[in-house]
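Subject: Handover of a structure, with notes on helix packing and a pocket

Dear colleague,

Please find below the structure that I am handing over to you. My notes on it follow directly after.

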Amino acid sequence: MTSSGIAPVADLQAALVHRLGAASVITDPTDQARYCRDWHGDVISGAVAVLRPDSTQAVAQAIRVCAELGLAVVPQGGNTGLVLGATPDDPQHQVVLTLERMNRVRSMDPGDFSAVVEAGCVLQQIQEAAEDADMFLGLSLGAEGSCQIGGNISTNAGGINVLRYGMAREQVLGLEVVLPDGTILDALGTLRKDNRGIDVKQLFIGAEGILGVVTAVSLKLHPRPEQVETALLGVDSLHTAIELYRRARRDCCDLMTAFEFMPPSAFMLAREAIPSLTLPIAMDHPGYVLMELSGSGLVDMRDLLDRFLENVMADELVRDGVVAASRAQAANLWKFREAMNEGQAQRGAHLRTDVSVSLSQLSNFVEQAETRLRAEFPDCLTLSYGHVGDGNVHINVIPPASADAVERDRVIHDAKDCINAVIDDFRGSISAEHGIGRLKRPEFEARISEPRRQLLTAIKRAIDPDGRLNPNCQIRSDA
């Protein structure tokens with residue numbers, strides 16, 4: 001035993017292989033590497049082992065064995081999170097438990113508009129399975145080709161369809177969860193209405209794996225949209241974009257699926273990532289809106305969009321625009337929204353925020369935040385974009401190319417404090433859709449009320465008294 005009371009790593013690895021099987025345990029550091037770094041590669045860590053169970057029972061067994069060996073467990077889905085919620089931070093005492101082998105669609109029920117899927121299913125896989133059954137899953141993210149539904153539920157992911165379908169929480173009908181003692185909670189029902197007391201599954205949605213490991217999900221599905229209309233519109237300002245959003249909510253009968261705001265710099269960054277992208281409209285507008293309507297049945301979506309655009313252009317809410325004439329053109333418009341993130345990553349370490357305020361205050365908030373940032377960081381590129389219709393905006397700050405690692409760290413730290421101070425003034429949230437993880441825990445703890453802190457701590461201690469699941473994520477293990 002080591003001085004900390006836990007066996008040497010080699011002995012722990014041997015015990016895990018013996019108890020769980022060599023096929024379910026990765027011990028080689030090279031093979032572990034992709035599980036022990038964050039999505040952008042800003043943080044690289046390690047683990048005693050990476051566990052790869054292939055069933056709910058195997059997850060339960062892995063949790064029990066780790067408890068016996070004194071190891072903490074960091075659950076991981078597709079590892080696409082942005083707040084270090086699935087990245088180990090104590091390599092000598094933690095294992096990563098990946099759900100990637102649990103990737104089966106257990107059932108797809110068009111008659112019930114529901115599906116039951118395992119936690120390791122990639123989101124796009126579920127979307128395609130639903131489409132094959134003439135149904136539609138409302139959750140859609142930029143990382144949907146690699147993120148997993150278990151992680152989406154554990155972080156209460158948002159995405160581009162929140163306006164119409166809500167956050168991940170609102171897609172969930174039931175859950176299967178392995179608790180910290182290895183007990184399996186089976187709450188996988190597909191009932192829309194079930195008022196039998198406290199809805200315990202809600203404890204695990206957005207909990208980022210600190211209370212249990214989600215192993216399967218019952219999902220709410222919808223009729224597959226037969227008509228999807230996508231438009232890119234030039235506007236005078238974020239304030240005008242929000243006015244446009246209000247009009248769209250009123251005039252488009254709640255058939256709006258997405259409403260994204262982007263500044264001109266977003267297109268510059270997108271083309272840095274994918275130079276072959278063709279600019280669809282003039283790039284001389286202060287802001288742009290990517291808007292999508294979708295529906296099925298008797299509503300003529302193109303006619304609805306055309307009449308709406310005719311009215312808002314007459315009222316000078318929209319200066320210019322293009323409507324996709326095909327799915328391929330629509331996909332090209334969305335590439336700009338997706339590629340801008342890749343363009344930012346190519347510029348190196350930078351501040352990525354995910355904040356929200358009330359919709360009525362959003363334009364004032366962004367104006368104040370950007371004014372302060374430009375004054376304090378004049379050499380940096382600041383851009384604000386996102387799903388503004390739900391009050392969520394990403395205000396990112398990219399240091400100049402000449403900045404070294406020390407200067408980048410300083411900018412990231414100070415710019416974050418600057419934005420958070422404005423957020424506090426507007427009574428907003430430091431995390432709209434990405435979660436807390438380990439990255440935002442200090443900011444979260446500094447702002448949480450004492451009653452809420454006590455409640456969260458009591459729940460954690462009641463369900464995971466030994467603090468074995470995802471320690472130091474959301475709340476400190478010694479809290």
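**The second largest pocket**

Helices α12, α13 (441-447) and α14 (450-463) each contribute at least two residues to the lining of the second largest pocket. Please bear in mind that the model is a predicted one. Of these helices, α14 provides the largest share of the lining, with 4 residues. The pocket holds about 850 Å³ of space. Its lining is made up of 35 residues, and those nearest the centre are Ile 436, Phe 444, Arg 452, Leu 456 and Gln 474. By class, the lining comprises 16 nonpolar, 11 polar and 8 charged residues.

**Helix α12 and its contact with α11**

The axes of α11 (residues 362-376) and α12 (residues 405-425) come within 10 Å of one another and cross at roughly 150°. The two helices are therefore roughly antiparallel, and their crossing is right-handed. On the α11 side, the residues in contact are Phe 365, Gln 368, Ala 369, Arg 372, Leu 373 and Glu 376. They meet Ala 415, Cys 418, Ile 419, Ala 421, Val 422, Ile 423 and Asp 425 of α12. This contact consists of 9 nonpolar, 1 polar and 3 charged residues.

**Helices α7 and α9**

A further pair is formed by α7 (residues 238-251) and α9 (residues 301-314), whose axes lie 11 Å apart at an angle of about 140°. Since angles must be over 145 degrees to count as roughly antiparallel, α7 is classed as oblique to α9. The crossing of this pair is right-handed. Leu 244, Arg 247, Ala 248 and Asp 251 of α7 are in contact with Leu 304, Phe 308, Asn 311 and Val 312 of α9. The residues involved are 5 nonpolar, 1 polar and 2 charged.

**Helices α8 and α10**

Helix α8 (residues 264-273) packs on helix α10 (residues 327-346) at an angle of about 75°, with 7 Å between the axes. The pair is therefore roughly perpendicular. From α8, the contact draws on Ala 266, Phe 267, Leu 269, Ala 270, Arg 271, Glu 272 and Ala 273. Their partners in α10 are Phe 336, Ala 339, Met 340, Glu 342, Gly 343, Gln 344 and Gln 346. Sorted by class, the contact of α8 with α10 has 8 nonpolar, 3 polar and 3 charged residues.

With kind regards

How values were computed:
Residues numbered from 1 in each chain as written. Predicted model: local features only at pLDDT ≥ 70, side-chain atom pairs only at ≥ 80, totals over all residues. Heavy atoms only, no water. Axes fitted to C-alpha atoms, helices over the stretch in contact; angles between N-to-C directions. Parallel < 35°, antiparallel > 145°, perpendicular 65-115°, else oblique. Left-handed = near helix turned anticlockwise from the far one by under 90°. Contact = heavy atoms within 4.5 Å. Nonpolar A, V, L, I, M, F, W, Y, C, P; charged D, E, K, R; others polar. 1 Å grid on protein atoms, 1.4 Å probe; cavity = no way out; pocket = protein on both sides within 12 Å on 5 of 7 lines; lining within 4 Å. Points joined across faces, edges and corners; volume = space filled by probe spheres on them.
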